[in-house]
Amino acid sequence: MTTATLKARVHCLRYEARDVVSVELRPEHAGVVFPPHEAGAHIDLHMSNGLVRSYSLINPAGEAGRYVVGVLKDRKSRGGSAFVHEQLRVGQLLTISAPRNNFPLHESARHSVFVAGGIGITPILCMLERLSVLGHTADLIYCVRSRADAAFVERLNDLGSHTLRVHWHFDDEAGGPPDLRDRLSQYVPENHFYACGPGPMLDAFLSTCEALGCPNAHIERFAAVPTLTGSIEAATFTLELRRSERHIEVRADCSVLDAMLEAGLSPDHSCREGLCGACETRVLAGDVEHRDSILTESERAANKSMMICVSRCRSNVLVLDA
Ligand code: FES
């Protein structure tokens with residue numbers, strides 16, 4: 001893994017809601033600053049159990065003295081959120097990545113609409129605060145199972161008095177999830193619409209935006225789409241690395257990333273699931289079969305870059321700028 005890493009100390013752990021904690025990280029040494037982050041960005045935490053997990057930054061964009069992430073204790077945790085909740089302690093040192101942003105904010109929009117499902121509030125929180133700084137307005141539809149699950153309520157209330165309208169939705173009080181078509185149809189389709197939360201909610205959001213003719217729909221997923229990463233039949237192809245002047249065979253049972261690692265190269269990578277963006281590589285030629293959970297349909301169609309940890313090639317040769 002060659003992605004640039006930083007050393008950070010756990011400065012503070014804070015209860016935010018049922019099963020949600022925030023983790024404040026500061027540079028290991030006084031006088032050191034972290035690279036600035038944009039609204040919507042995330043960092044990877046390298047845990048002492050060997051796992052690497054990405055979490056959205058919730059502190060205001062541009063703060064250099066600290067990073068803060070919000071973490072839900074996932075009932076189906078594969079080890080990442082359980083580690084944060086059960087083993088991470090104040091004072092521990094962690095290796096982290098520099099911030100990456102796969103969920104950028106369109107700052108020129110005068111009004112934006114957000115849908116947050118549960119812990120999906122985390123990247124959105126930072127985006128709402130950025131819009132507030134810019135003096136732009138926003139609507140937030142914040143959906144949680146019940147009131148006890150709603151995190152960062154005070155911060156949202158503070159923002160709400162100035163530039164933000166929060167529409168709370170509690171499943172247990174409303175008798176189920178929100179009617180997104182009804183909610184989103186109340187806005188001008190040309191607005192920018194953002195959503196982050198569970199996969200089914202994001203799928204419903206995208207299909208609703210399409211049905212309503214909203215061209216500016218943006219999502220961020222926390223989990224890979226299974227049909228994109230697992231079940232598609234793969235074939236062997238030749239990988240040409242233009243800058244390295246290398247040709248490598250990529251077997252059907254091997255990813256582009258692993259083929260490059262086996263060949264002694266050191267491409268950046270982190271999640272290996274098509275979620276974090278660390279391995280994004282420029283495509284020079286080849287018919288890419290995108291299997292990541294990051295790129296939009298138009299980005300896929302443009303065929304300019306790919307996530308080499310999961311995406312493959314339909315043509316016989318794939319040429320990368322690597
Ligand atoms: S390593 Fe995370 S997207 Fe490829």
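Me: In S9, which residue is the bridge partner of Val144?
Reply: This is a predicted model: local features need pLDDT of at least 70, side-chain atom pairs count only at pLDDT 80 or more, and totals for chains, interfaces and linings use all residues. Residues are numbered from 1 along each chain as its sequence is written. Strands are DSSP runs (E, at least two residues), as are helices (H or I, at least four), numbered from the N terminus. In S9, Val144 has as its bridge partner Phe170.

Me: How many bridges join S8 to S9?
Reply: Strands pair if DSSP finds at least two bridges between them. S8 (residues 137–144) runs parallel to S9, and the bridges joining them number seven.

Me: Which are the edge strands of the open sheet of five strands?
Reply: The order is S9-S8-S7-S10-S11, with parallel pairing. An edge strand here pairs on one side only. The edges are S9 (164–170) and S11 (217–220).

Me: At about what angle does H6 run to S11?
Reply: Axes are lines fitted to C-alpha atoms, for helices over the stretch in contact (C-beta atoms, placed from the backbone, within 7 Å). Angles run from 0 to 180 degrees between N-to-C directions. H6 (residues 199–212) lies across S7 (111–117), S10 (192–196) and S11, and its angle to S11 is about 170°.

Me: Is Phe152 buried or exposed?
Reply: Phe152 lies in the loop between S8 and H3 (153–160). Its phi is positive, near 60°. A residue is buried with 20 or more other C-beta atoms within 10 Å of its own, exposed with 12 or fewer, and partly exposed in between; C-beta atoms are placed from the backbone. Phe152 has 22 C-beta neighbours inside 10 Å, so it counts as buried.

Conventions:
Two residues are in contact if their C-beta atoms, placed from the backbone, lie within 7 Å.
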